[in-house]
Amino acid sequence: MIGAAGVGKTALLSQFQTSEAINPYDRVKDDTNEESVYVMLNGEESELRFSIATEMEKDPSPADAYLILYSVIDKASFDKAESMLRRLQHSPATRYKTAILVANKVDLARSRAVSSQDGRCVACTYNCKFIEVSVGINHNVDELLVGILTQIRLKEASPGPTSTSRHWYHSHGMMRASVKARQVFTWIFGKEDSKFKNCENLHIL
């Protein structure tokens, strides 16, 4: 779980620990500063181990999934989140791992500095999932927790990266322009683009 200071990483982890999807007696904190929750999904219990960081190492440590958090009332945290996604995509160890861009504090609508459209655009550009949450009012927190495990399982069951996905990450600028164009088309014609819709569906790859 990575994000700038103040975006709500610790608070989100605390909410995960009270989720209806976990067994309240199955919580573990060890000496490595990682915390585990056990999530029941489709009749199968899995352990999710979380660690929190404000900065990403030059060579990110391998993990099954990466949550990149930003605050919708802090544009700088959004820019930092995009930088972290870019670094994940350029590291061979993390390029094809699950990545979810998480926009927190959506309950503070009057102070919003980053639109939902901008979040979706970045998520689509970096081929990751996107969800808006509010830790403060527990909005979409359970959905995110279940979605993390679902994405990990789907990735493990998938045959692997395609030839297209192996080279597309070199052209982020072109991809971003394409996504922006599709976004404008959506605004003009009022027809929801499947690419944007799919990036918010945590139950499909």
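Helices and strands are DSSP runs, numbered from the N terminus, a helix having at least four residues and a strand at least two. With these names, lysine 105 is placed in the loop between β6 (98–104) and α3. The legends below describe a predicted model.

**Figure 1. Lysine 105 in the loop between β6 and α3.** The phi angle of lysine 105 is near 70 degrees, which is a positive value in a residue other than glycine. Lysine 105 has a relative accessibility of 23% and counts as partly exposed, because the partly exposed class lies between the buried class, under 20%, and the exposed class, over 50%. Lysine 105 is also among the contacts of serine 71, a residue shown in the next view.

**Figure 2. Serine 71 and its contacts.** Serine 71 belongs to strand β5 (residues 65–71). Its relative accessible area is 2%, so serine 71 is buried. When neighbours within four places in sequence are left aside, serine 71 is in contact with Val7, Ser77, Asn104, Lys105 and Val114.

**Figure 3. The packing of helix α2 against helix α3.** Helix α2 covers residues 75–90 and helix α3 covers residues 116–125; their axes lie 10 Å apart, at an angle of about 10 degrees. The two helices are therefore roughly parallel, since angles under 35 degrees fall in that class. On the α2 side, the contact is formed by Phe78, Glu82 and Leu85, and on the α3 side by Asp118, Gly119 and Val122. Sorted by class, the residues of this contact are 3 nonpolar, 1 polar and 2 charged.

Figure 4. How many of the 10 residues of α3 are buried? The number is 7, so α3 is largely enclosed by the rest of the structure. The buried residues are Ser116, Gly119, Cys121, Val122, Ala123, Cys124 and Thr125. Of these, Gly119 and Val122 also take part in the contact with α2. Just after α3, asparagine 127 has a positive phi of about 55 degrees.

**Figure 5. Cysteine 124 and cysteine 199.** The structure holds 0 disulfides. Cysteine 124 has a relative accessibility of 3% and counts as buried. Cysteine 199 is buried as well, with a relative accessible area of 5%.

**Figure 6. The ring pair of phenylalanine 16 and phenylalanine 50.** A pair of aromatic rings is described by the distance of the centres and the angle of the planes. A search of the whole structure finds 2 aromatic pairs. In the pair shown here, the ring centres of phenylalanine 16 and phenylalanine 50 are 5.2 Å apart and the planes stand at 35 degrees, so the pair is tilted. Phenylalanine 16 lies in helix α1 (residues 9–16) and phenylalanine 50 in strand β4 (residues 44–50); the pair links distant parts of the chain, 34 residues apart. The relative accessible area of phenylalanine 16 is 0%, and this residue is buried. Phenylalanine 50, at 7% relative accessibility, also counts as buried.

**Figure 7. The ring pair of tyrosine 70 and phenylalanine 78.** Is this pair tilted or edge-to-face? The ring centres of tyrosine 70 and phenylalanine 78 are 4.8 Å apart and the planes stand at 65 degrees, so the pair is edge-to-face. The cut-off behind this step is that planes over 60 degrees apart count as edge-to-face. Tyrosine 70 is buried, with a relative accessible area of 0%, and phenylalanine 78 counts as buried at 3% relative accessibility. Phenylalanine 78 also belongs to the α2 side of the contact with α3.

**Figure 8. Asparagine 140 in the loop between β7 and α4.** The loop that holds asparagine 140 runs between β7 (129–132) and α4 (141–157). Asparagine 140 has a phi near 65 degrees, a positive value in a residue other than glycine. At 22% relative accessibility, asparagine 140 counts as partly exposed.

**Figure 9. Arginine 87 and methionine 56.** Arginine 87 is placed in helix α2 and counts as partly exposed, at 35% relative accessibility. Arginine 87 and methionine 56 are 31 residues apart along the chain, and their C-alpha atoms are separated by 8.4 Å.

Methods
Residues are numbered from 1 along each chain as its sequence is written. This is a predicted model: local features need pLDDT of at least 70, side-chain atom pairs count only at pLDDT 80 or more; totals for chains, interfaces and linings use all residues. Side-chain values use heavy atoms; hydrogens and water are left out. Axes are lines fitted to C-alpha atoms, for helices over the stretch in contact, and angles run from 0 to 180 degrees between N-to-C directions. Angles under 35 degrees count as roughly parallel, over 145 as roughly antiparallel, 65 to 115 as roughly perpendicular and the rest as oblique. Contact means heavy atoms within 4.5 Å. Ala, Val, Leu, Ile, Met, Phe, Trp, Tyr, Cys and Pro count as nonpolar, Asp, Glu, Lys and Arg as charged, and the others, Gly among them, as polar. Rings of Phe, Tyr and Trp (its six-membered ring) pair if their centres lie within 6.5 Å; planes under 30 degrees apart count as stacked, over 60 as edge-to-face and the rest as tilted. Buried means under 20% relative accessible area, exposed over 50%, partly exposed in between (1.4 Å probe, protein chains only). A disulfide is a pair of cysteine sulfur atoms within 2.5 Å.
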